[in-house]
Amino acid sequence: MSPSAGGLVVFLLSVQVIQSQDGWRVNYDQTDVCAAKGSEVEISCDYTYPPGIRPSDIKDGFWFTKVKDGEPVDLRTDSGYSGRVTDGCYSDSCYLTIKDVRESDSAEYKLTLMTNKPGEKYTGSPGVTLSVTGLQVQVRRSDSTWLELTCHSSCVLPDRAEYYWYKNEEYFKRGSSLPVSSGSTDRYSCYLIGYWDQRSPAVYGPQRPSVSVSPSAEMLEGGSVTLTCSTDANPAANYTWYKQDGTSDPRLLSEEPQLVFSSIQSSDSGNYSCTAENQLGRKTSDFISIDVKYGPQRPSVSVSPSAEMLEGDSVTLTCSTDANPAANYTWYKEHEDSPRASGQIFTITDFTAEHSGNYYCEAQNEMGRSNSTLLLITESGVGRTTRIIHITRWTLVSVMLILLLLFCLWTRKKKAVISTTEPHESREAVEMDLHPEYEDLSDMAAQREDPEEQEDQV
């Protein structure tokens, strides 16, 4: 094996000797090879053959990694290696060259020798294990504000290896490691000086995540909805989903790239966001609003002041339901086809016996419709009794008022009569007081007459 320009191959174990089988033997120069992605790799070996076989009897030798129907597949016919493989045998040695090696080329490579006798062949096993890798930038946190970047490979690297560091695709500095601030939005990559002409993939913090919704059409209650959070980041970002409930802090829902609602409900409506985070930074998406559509639930009806009415009273019926979009309301009386009213509130003024009956409301939106239970509005016996009591009470009050009025009139008339007779009696009393002497004379006359009457009687 020989490194080509721009390629580096590191040997992990030098020589593998394959013991002979019936005199056959294959000696691979290395048992394990580690190569940089994009480099060129050469694998070589030598072989021996049993006595009685001449070099001219060995008609072909080829390399393989796969077996199909019990037979090895020649790399020269494998489409995955097309244009990148050359091989050959000369004297008692064979080689395999692979250009622009890829990570998919990592495998165990074996040589098969074939003679000119039908079915006679020999495979050197075990073969050579090839591991293809590249430089990787590893991120380690130094403290709360600083990170340390180091260049790493799964291949054994030379002692005291030095690196060029690139920032946003431009040369930045030279060193074995690179300190950067936490939360940096820049991109960093490394290059191994003097060995590989390829830089490592750049590392960088997440960009602002985007959120996609599937299906993108209107969300109906009971359907399946998937929210997907994605961003560009290296190392790969970890995701966290949140839901914003009112004014409280966002509530953590999941730590997966996708948030799946197998049967979405009206309670799932709200604002959602996702956060993408790796060792270099953290970014949060914009909120996405989830609006779940659903038909009206069974409406409820409230009545004010009560369902037992007095004639002439006013009653208000109110219909309520939960629906999205908002429901429209229609009022019906049982056994009637035509609606009595539309709107959430239905008011009956000047209630009469004809208004008594069962009422219900229908709530409807584009998702469906639902009816409330029947509500009985009556002029109840209690109501009629109450009305009779009120009428009787007012009648008694009226009669009492009339009697009181008559009594007042009688009293007033009596006072008037008394006031007209008292002056005559007063004048007669005055006249008698004005002539007291006449009263004395009368008395004297009566006294004189009495003896005479007494004598006559005697």
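Is G134 buried or exposed? In this predicted model, G134 counts as buried because its relative accessibility is 12%, where buried means under 20% relative accessible area, exposed means over 50% and partly exposed lies in between (1.4 Å probe, protein chains only). The residue is located in the loop that runs between strand 11 (121-133) and strand 12 (136-141); helices (H or I, at least four residues) and strands (E, at least two) are DSSP runs numbered from the N terminus. G134 and C34 are separated by 100 residues in sequence, and their C-alpha atoms are 9.9 Å apart in space.

Because the model is predicted, local features need pLDDT of at least 70 and side-chain atom pairs count only at pLDDT 80 or more, whereas totals for chains, interfaces and linings use all residues. Residues are numbered from 1 along each chain as its sequence is written, and side-chain values use heavy atoms, with hydrogens and water left out.

Strands of a sheet pair through backbone hydrogen bonds, in either a parallel or an antiparallel manner. An open sheet of 3 strands is found with the order 15-14-17 and antiparallel pairing, two strands being paired if DSSP finds at least two bridges between them. Strand 15 (170-174) and strand 17 (188-192) stand at the edges with a single partner strand each, so one side of each has no neighbour in the sheet. On average, neighbouring strands of this sheet are turned by 35 degrees against each other, direction ignored; axes are lines fitted to C-alpha atoms, for helices over the stretch in contact, and angles run from 0 to 180 degrees between N-to-C directions. Strand 14 (residues 163-167) pairs with strand 15 in the antiparallel sense over 4 bridges, and Y164 has R174 of strand 15 as its bridge partner.

The structure holds 17 salt bridges, each defined as a side-chain nitrogen of Lys or Arg within 4 Å of a carboxyl oxygen of Asp or Glu. In the pair formed by R54 and D57, the closest N and O atoms are 3.7 Å apart; R54 is exposed at 54%, whereas D57 is buried at 10%. For D78 and K66, the corresponding distance is 3.3 Å. D78 lies in the loop between strand 7 (71-74) and strand 8 (85-90) and K66 in strand 6 (residues 58-68), so this pair ties together parts 12 residues apart in sequence. E71 and K121 form a salt bridge at 2.5 Å between the closest N and O atoms. Since E71 lies in strand 7 and K121 in strand 11, the pair ties together parts 50 residues apart in sequence. Finally, a network of salt bridges links D60, D74, R76 and D87.
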